[in-house]
Amino acid sequence: MYMDETDKTLQEIDEKARETDEIPRRLPVLPLRDVVIFPHMIFPILIGRESSLKSVSKSLEKGKFIFLTSQLDSETDEPGKEDLNTHGTVAKIIQLIRLPNNLIKILVDGINQGVVKRFVDSQQCLEADIEMIDPVAPDETDTEFEAMMRHASELFEGYIKANSNIPPEAAIAFKNLDDPVRKLYYAAANLLQDTGVKQRILNAETVKEQFFALISILTSEIEVLSIEKDIDSRVHETLQKAQRRFFIQEQIRALQQELGDDEEAQPELAKLRQHLEDAQLPEGVKEKVFEEFGKLRKMPAMSPEFGVIRNYLDWVKDIPWHEETQDNLDLDHVRKVLDKDHYGLDFVKERLLEHVAVLKLTSKPQGSILCLTGPPGTGKTSLAKSIARAFGRKFVRIALGGIRDEAEIRGHRRTYIGSMPGKIIQAMKRAGTVNPVILLDEIDKMSADFRGDPSAALLEVLDPEQNSDFMDHYLDVEYDLSKVLFITTSNVKYNIPGPLLDRMEVIELSSYLKHEKLEIARRHLLPRQKEANGLSDFNVSVPKKTLSAIVSGYTKEAGVRNLERMIGGVLRKVALEFLEGKHDKSDKVVVTPDSLNDYLKSPFFIDKKTSRAAKVGLVNGLAWTAFGGDTLEIEINVMPGKEKLSLTGKLGDVMKESAHAALTYVRSNADFLGVDEDFFSKSEIHIHIPEGAIPKDGPSAGITMTMALISALSKRKVRGTIAMTGEVTLRGNILRIGGLKEKLVAAKAAGIKTVLVPADNASELDHFEADVTKGLEIHSVDNIKDALPIVFPGEF
């Protein structure tokens with residue numbers, strides 16, 4: 001705050017206040033927020049806190065003397081003695097004005113510096129025993145102090161000049177002071193700093209130390225003010241340059257329009273125009289784009305619309321319009337690449353080779369869109385990459401999982417802030433050619449909401465009859481996608497909308513057999529994990545028996561992802577052993593099946609082959625999951641009771657309906673099945689499927705439940721080496737099911753010898769590899785009566 005001590009009125013008040021009143025040793029304490037009051041400083045204070053009002057009231061009893069000190073934290077509403085600075089100023093109240101709302105405004109005159117020797121808690125207010133500090137300036141013979149005082153004076157005058165918030169008159173008032181101590185307090189009072197910085201001056205013990213603190217603060221402040229001034233100057237200069245450039249460009253543009261000159265005023269616009277001309281845009285697109293370019297030329301660079309149009313034109317020039325890679329259609333080359341990257345998948349490879357053959361004969365893009373569907377980890381994404389590598393095309397992957405906005409596919413209209421093209425056009429830009437391989441990954445994981453259905457937008461993209469003139473909302477011009485090879489992937493095809501599925505040729509990738517997993521591990525996974533774990537240069541061997549033990553005991557999946565993780569876990573342990581000095585680099589380390597317990601702990605999955613004894617009411621079913629096939633034990637107990645059917649094991653609605661259908665069939669054919677016709681009226685039947693935490697659903701367990709009911713009610717045993725699958729009707733017919741190959745793989749892995757399948761599925765068996773059916777006795781049945789002699793030999 002600027003304090004003009006030349007003002008006669010203030011001087012009179014000051015002198016009057018300094019009459020020879022004796023200052024009491026004990027004074028009331030008035031805490032101050034965000035202000036430090038120095039001696040010889042007259043300052044108004046607005047008081048509203050109850051404790052502060054009491055301190056003022058107590059001061060009036062003490063000759064109007066009061067001790068002023070700042071709070072350590074200005075946010076504290078009711079400060080205690082631990083919240084206050086001990087150094088402050090003894091002041092006298094020279095004016096008191098009562099205001100509305102129980103507020104008081106006092107005018108105080110700083111008399112002397114003081115320090116708290118002891119705080120005293122009284123009932124009325126906080127008081128303290130104060131020791132007066134009478135600062136004495138060194139005499140004129142102290143040259144160091146003289147230099148400090150001159151330097152402080154020069155700095156303060158410079159500070160006033162650099163700070164526009166302090167009036168120039170303050171410098172005049174400062175020069176008129178002769179007493180060094182008064183100069184010190186005057187300069188400190190006019191510092192535009194927080195209380196903590198100003199308090200450093202009061203806390204100093206001698207005048208020299210106080211001057212040194214003042215010089216330090218002034219030096220720092222002047223440096224900051226100088227930097228701020230420099231920044232302001234540079235910003236102003238930049239703005240002036242930008243404005244000058246804008247005006248000159250506008251003048252050039254006006255002159256060009258007057259002269260009819262097509263030369264561009266801005267070099268970047270000239271460069272953009274050249275790029276657009278070199279892009280060889282289709283005629284209709286070229287007309288639209290140069291119309292937008294004409295708007296851009298006439299638009300001020302500072303306009304928000306300028307950036308929108310410029311971004312649009314950058315997108316148009318960056319996406320490919322004619323750039324194309326040459327396809328490598330040599331069948332031997334394509335077959336070699338596919339065989340090198342993937343083991344098995346013969347049907348898939350055959351279909352791709354057919355595609356190459358047609359493409360080579362017709363010399364034009366084939367219209368079909370491929371959809372690779374199968375369990376996770378079966379090589380769908382990597383197969384798409386291999387196709388691109390075999391053809392010599394660029395590869396781009398678009399993840400569709402979780403997309404629920406149509407604009408993600410078609411793009412946003414340019415009316416929206418931050419709009420941009422959809423994922424298809426973005427993929428084309430990344431590819432840089434008009435004929436890449438684009439993988440639409442996890443197409444079955446899309447959903448829809450109020451923003452539209454992305455699967456509906458894909459109908460145009462994946463239709464060979466329509467995608468030659470695909471319209472992205474952002475580009476707003478037709479773009480040819482007919483040369484793109486689209487490949488989609490999914491885990492289950494029934495989640496794909498019907499119209500979209502109709503546009504694609506579905507190629508199913510089934511679960512890997514054990515021998516396939518072993519070959520994949522040996523050829524691909526093991527070398528890749530050796531490199532990933534830094535063991536390429538070490539002699540580490542994982543024999544086929546060890547890989548077989550990992551497959552059987554530590555993984556249970558349709559694909560090989562978890563198998564690769566397990567192999568990686570083993571090799572990480574081996575790498576640690578090398579670093580710990582357990583092996584030399586020249587040693588050959590062989591990971592044996594017995595050592596897997598040390599590397600991977602105990603096996604996660606126990607072989608089910610040990611529990612295959614014939615039992616009553618226990619029949620093996622076969623199930624399909626997104627992770628492959630599995631065996632399913634169905635247990636039935638019959639207990640005394642009355643017409644009650646209990647179903648447990650976290651069964652879905654369809655599976656519960658199958659249980660009721662099975663019960664109805666048994667009741668309606670009780671005489672033929674050798675079961676008491678009134679069994680249900682005096683029995684309680686409990687059907688349970690173990691592993692109750694896992695949800696189970698589907699109709700294919702119908703035949704299994706029927707056979708388990710017949711076994712439990714007739715006390716006939718069912719062999720543990722037989723399993724079955726099929727939907728059952730009320731007439732006992734066995735209907736077609738899905739996932740047969742995965743179910744047979746699971747049966748073989750579990751040690752099943754005989755499998756019953758629906759007669760409608762019998763034709764599928766001819767398409768399976770010999771390893772799938774080898775060692776299995778497969779019976780196709782059309783009705784429950786056909787299955788009974790197989791399940792209960794000699795009984796029917």
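Helix α9 passes helix α10 in a left-handed crossing; a crossing is left-handed if the near helix is turned anticlockwise from the far one by less than a right angle, and right-handed if clockwise. The model is predicted: local features need pLDDT of at least 70, side-chain atom pairs count only at pLDDT 80 or more, and totals for chains, interfaces and linings use all residues. Residues are numbered from 1 along each chain as its sequence is written, and side-chain values use heavy atoms, with hydrogens and water left out.

Helix α9 spans residues 283-297 and helix α10 residues 304-318. Helices (H or I, at least four residues) and strands (E, at least two) are DSSP runs, numbered from the N terminus. The two helices pack at an angle of about 145°, with their axes 10 Å apart. Axes are lines fitted to C-alpha atoms, for helices over the stretch in contact, and angles run from 0 to 180 degrees between N-to-C directions. Contact means heavy atoms within 4.5 Å. From α9, Lys288, Val289, Glu292, Phe293, Lys295 and Leu296 meet Phe306, Ile309, Arg310, Tyr312, Leu313 and Val316 of α10. Eight of these contact residues are nonpolar, none is polar and four are charged. Ala, Val, Leu, Ile, Met, Phe, Trp, Tyr, Cys and Pro count as nonpolar, Asp, Glu, Lys and Arg as charged, and the others, Gly among them, as polar.

An open sheet of five strands has the order β8-β9-β12-β7-β13, with parallel pairing. Two strands pair if DSSP finds at least two bridges between them. Its edge strands, β8 (395-399) and β13 (504-508), each pair on one side only. Neighbouring strands are turned by 25° against each other on average, direction ignored. Strand β7 (residues 369-373) pairs with β13 in the parallel sense over five bridges. Here Ile369 stands opposite Met504 of β13. Helix α12 (residues 346-362) lies across β7, β12 (485-490) and β13. Its angle to β13 is about 150°.

A further open sheet contains seven strands in the order β19-β20-β18-β17-β22-β25-β26, and the pairing is mixed. Strands β19 (644-648) and β26 (777-781) form the edges, each pairing on one side only. Strand β19 pairs with β20 (residues 683-688) in the parallel sense over five bridges. The bridge partner of Thr648 is His688 in β20. Two helices cover this sheet's strands. Helix α24 (residues 702-714) lies across β17 (618-625), β18 (628-640), β20, β22 (722-724), β25 (754-758) and β26. Helix α24 runs at about 30° to β18. Helix α25 (residues 740-749) lies across β17, β18, β25 and β26, at about 75° to β18.
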